[in-house]
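Please find below a colleague's note on the structure under review.

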Amino acid sequence: MRSVFLRQFVFAYGSLMDPDSRAKTNPSLAKQDGLPVVVTNVERVWTARTSSGYTAMGVRFRKETECTGVLLEVNKEELADLDKREANYVRVQVHLDNVDQVPFLKEHKDDFYETEQAGALFDAKEEQRTDISVWIYVQKEPIPADLSHPIPQSYVDIIVKGCLTISEDFARSFIDTTKGWNTPDGEGPSFVDDREQPIYLRADKELSAEHAEVVDQLLEEQRPKAFENRIEYDAEDHLEALEEALEDDLAHPRAVKKAAARVMEANEESRC
């Protein structure tokens, strides 16, 4: 007999961890507190290139890895809205056996794990029931970040802000366990400080300025090499890198051209 999912959760591991960011997709998503969990055999990595010329957060399935994030319970409409937002990702089901409480948050059990949602989820896990499903969005094509599609600081700021709604240790875990901060060879820069000229579509300049000191301190503490290699964003350098990518046989011409157009548009907007 075919199982019918009665309750559905989405595992948010990037910008969706921030209530204000997910409210831009559906306001009702900001009304609930995310349930912090850790998912095993999933690793967070900067490999989700966008058509706007930057690299977003992605994940990969790898044994003996862990990814912290928050679970959001969603109805049919909210799930459809998230599917539209994550159009460059594939929604994949996560087995409940791989979902657990975050170890360093267990001492705050009353704050996070005594809720009805937590009880229902972990009861379903223990009883091996199928009336609860957990979904994760996985990028369609994993490509590492580089200067043509860098990691924007304005994007990192949104994610860290979301993590801080849980705890500072939760933010540290995000930075520490996320891979791909540097180019594949580990030498070249792929992380840009775009706070003054954001290239992330859901950037918040005021928020970035407000949280810059805290975020930078956490980055320097957890990812000193990436923080040291971070460079100031320059639109002309970005366009030049995109043009070089266009000449690369491995690049996707239409996607690169679209990204270049978006960068030029953002550059003009910043001058207004």
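Predicted model: local features only at pLDDT ≥ 70, side-chain atom pairs only at ≥ 80, totals over all residues.

1. Side chains of opposite charge can pair when their charged atoms come close. In this model the count of salt bridges comes to 18.

2. Aspartate 146 and arginine 49 form a salt bridge, with their closest N and O atoms 2.8 Å apart. The two partners are 97 residues apart: aspartate 146 sits in the loop between β6 (132–139) and β7 (151–152), while arginine 49 belongs to strand β2. Aspartate 146 is partly exposed, at 26% relative accessibility. Arginine 49 is likewise classed as partly exposed, with a relative accessible area of 25%.

3. A pair within one helix. Arginine 172 meets aspartate 169 in a salt bridge whose closest N and O atoms are 3.0 Å apart. Both residues lie in helix α6 (residues 168–177); because they are three residues apart there, about one helical turn separates them. The relative accessible area of arginine 172 is 22%, which means that arginine 172 counts as partly exposed. Aspartate 169 is also partly exposed, with a value of 42%.

4. Glutamate 127 and arginine 129. The side chains of these two residues are joined by a salt bridge of 2.5 Å, N to O. Glutamate 127 is partly exposed at 49% relative accessibility, a value to be read against the cut-off for exposed, which is over 50%. Arginine 129 is partly exposed as well, at 30%.

5. Salt bridges link Asp157, Asp193, Arg195, Asp216 and Arg230 in a network. Aspartate 193 is located in strand β8 (residues 191–193). With 13% relative accessibility, aspartate 193 counts as buried.

6. A buried arginine without a salt bridge. What does the side chain of arginine 44 contact, given that this residue is buried yet has no salt bridge? Arginine 44 is part of strand β2 (residues 35–49). Its nearest side chain of opposite charge is that of aspartate 176, 9.2 Å away. A salt bridge requires a side-chain nitrogen within 4 Å of a carboxyl oxygen. The side chain of arginine 44 instead makes a polar contact of 3.4 Å with the side chain of threonine 177. A further polar contact, of 3.1 Å, joins the side chains of arginine 44 and threonine 178.

7. A patch of negative charge. On the surface, Asp234, Glu236, Asp237, Glu240, Glu243, Glu244 and Glu247 gather in a patch of negative charge. One of these residues, glutamate 247, is placed in helix α9 (residues 235–247). Glutamate 247 is exposed, its relative accessible area being 65%.

8. A buried valine. Is valine 156 buried or exposed? Its relative accessible area is 0%, so valine 156 is buried. This residue lies in helix α5 (residues 153–164). Valine 156 and isoleucine 175 are 19 residues apart along the chain, and their C-alpha atoms are separated by 9.2 Å.

Notes. Residues numbered from 1 in each chain as written. Heavy atoms only, no water. Patch = residues over 30% accessible without salt bridge, like charges linked within 9 Å, V, L, I, M, F, W, Y side chains within 5 Å. Areas by Shrake-Rupley, 256 points an atom, 1.4 Å probe, with all protein chains shown as cover. Lys, Arg positive; Asp, Glu negative; His and termini not counted. Charge placed at Lys NZ, Arg CZ, Asp CG, Glu CD. Helix = DSSP H or I, 4+ residues; strand = E, 2+ residues; numbered from the N terminus. Buried < 20%, exposed > 50% of the residue type's maximum accessible area, 1.4 Å probe, protein only. Polar contact = N/O pair within 3.5 Å; in protein donor to acceptor, adjacent residues only side chain to side chain.
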